[in-house]
Amino acid sequence: MLLQGKTALISGASRGIGRDIATKFAEHGAFVGINYNSSEKDAKQVLKIIEDKNGRGILLKGDIANLRDVENMVTTFVKEAHHIDILVNNAGIYVRNKFKDLPLESWRRVLDVNLNGCYNLCKCSLPFIPEGGRIIFISSQLAFKGSAHGADYATSKAGMLGLMRSLALELAPRKILVNAVAPGTIDTDIIAHYTKEMRKKREAEIPLGRLGKPEEIANVCLFLASHLSSYITGETINVNGGLYIH
Ligand code: NAD
C-alpha cells in the first residue's frame, strides 16, 4: 500500500493509461478522482472496478481544455478529498495529420487539450496541493523524436516538459515533486488507427519486441507518486521498450 491516505486526481481516467493509473493508485490506498469528458459509461465502469476491490473514488466530468470545467472538477474533488496529494496530467488526444494538411482548428484543439489542459489542471489544483505533493505529466517519446504525422501532438508533448521542469523548480521550496513519464507505443485506443501492418512494423522496431501495456506506465506513475521517488524532481522517465534510447 504505497498511497494509503493519499488523494489523487487523474485526468482522462475513463480508459487506457489513465484507467490503469486510477485503478493502480486506488489499489494502493488512494482516494481517486476519475476525470472523463464524454465517456460516462466507461468512467462508471472504472469506479466500479475500484469499489469492487474496496477502493474509493469519485467521478469528475469535464473537458480539461475548458478552464471553467476544470475549476468545477477541482472544487467537487476537494469537497470530498480536502486536498490533492497527487495530480496526474494524463488526458490527451492524437490526430494523425501531415503538417501540410493540418488545419488551424485541429492544431489549436490538440494544444488546447494536451498542453493548455495541463495549465488549467495545474493552475486550479496548485492551491490544494500540500507539501510533499506530486505532479506527474504523461508526455511522449514524440516530445524528443518529433512526429511526421503529428506536429501538433509532438509540440504539445514537448511543451509539457517545459512546464514540468519549470514547475519542478518553482515548487521545490514547497517540497512538491514534479516529473514526467514519456511512454513509447502503448496498446490503447489512441493507436486504434494502426493497421495490422503498422502494428507489426512498430513491434519489429521495438527492441523488446512488443507494444507496452497501460499498466507498465501506471507502475512508473505509482513510483513517482509514492515516497520511493522522494529525491526525484524535474525528471522524465522513458518507458518505451528501448524504442528511443537517449
Ligand atoms: P486513450 O485515447 O485511450 O485515453 C485518453 C484519455 O483522455 C481518454 O480517457 C479520453 O477520454 C481523455 N480525454 C481526451 N480529451 C479529453 C478532454 N478534453 N478532457 C478530458 N479528458 C479527455 O489514450 P492513452 O494511450 O491512454 O493516452 C493517455 C495519455 O498517454 C495521453 O496523454 C497520450 O498522449 C499519452 N501517450 C500515449 C501513448 C500510447 O502509445 N498509447 C504514447 C505516448 C503518450
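Select N97, which sits in the loop between β4 and α4. The names come from DSSP runs, numbered from the N terminus: helices are H or I runs of at least four residues, and strands are E runs of at least two. What you see is a predicted model, in which local features need pLDDT of at least 70 and side-chain atom pairs count only at pLDDT 80 or more, while totals for chains, interfaces and linings use all residues. Residues are numbered from 1 along each chain as its sequence is written, and side-chain values use heavy atoms, with hydrogens and water left out.

Is N97 buried or exposed? Its relative accessible area is 18%, so N97 is buried. The cut-offs are under 20% for buried, over 50% for exposed and in between for partly exposed, using a 1.4 Å probe and protein chains only. Now show the neighbours: leaving out residues up to four places away in sequence, N97 touches L102, P103, S106, A148, H149 and G150. Contact here means heavy atoms within 4.5 Å.

**Next stop: N90**

N90 also has its place in the loop between β4 and α4. With 10% relative accessibility, N90 counts as buried. Its contacts, again not counting residues up to four places away in sequence, are I10, S11, G12, I17, G18, I21 and I138. Draw a distance from N90 to G18: their C-alpha atoms are 6.1 Å apart, although 72 residues separate them in sequence. Then look at G12, whose backbone oxygen lies 3.0 Å from a polar atom of the N90 side chain. A polar contact is a pair of N or O atoms within 3.5 Å; within protein, one must be able to donate a hydrogen and the other to accept it, and residues adjacent in sequence count only if both atoms are side-chain atoms.

**Along helix α1**

Select residues 16–27, helix α1. The expected span of a helix is 1.5 Å times one less than its number of residues. How many of its residues are buried? The count is 10 of 12, so α1 is mostly covered. The cover includes β1 (7–10), β2, α2, β4 (86–89), β5 (134–138) and α8 (214–225). After α1 comes G29, with a positive phi near 100 degrees.

T188, in the loop between β6 (177–183) and α7 (196–205), touches G16, I17 and P214, not counting residues up to four places away in sequence. T188 counts as buried at 15% relative accessibility.

**Two paired strands**

Colour β2 (residues 31–36) and β3 (residues 56–61): they pair in the parallel sense over 6 bridges. Strands pair if DSSP finds at least two bridges between them. Between them, the chain crosses through helix α2 (residues 40–52), and this β-α-β crossover is right-handed. That is, with the strands pointing away from you, the path from the first strand over the helix to the second runs clockwise.

**Last stop: aromatic rings**

Rings of Phe, Tyr and Trp (its six-membered ring) pair if their centres lie within 6.5 Å; planes under 30 degrees apart are stacked, over 60 edge-to-face and the rest tilted. This gives 4 aromatic pairs. Show Y94 and Y153: their ring centres are 5.2 Å apart and their planes at 85 degrees, so the pair is edge-to-face. Y94 is in the loop between β4 and α4 (104–125) and Y153 in helix α6 (residues 151–171), 59 residues apart.
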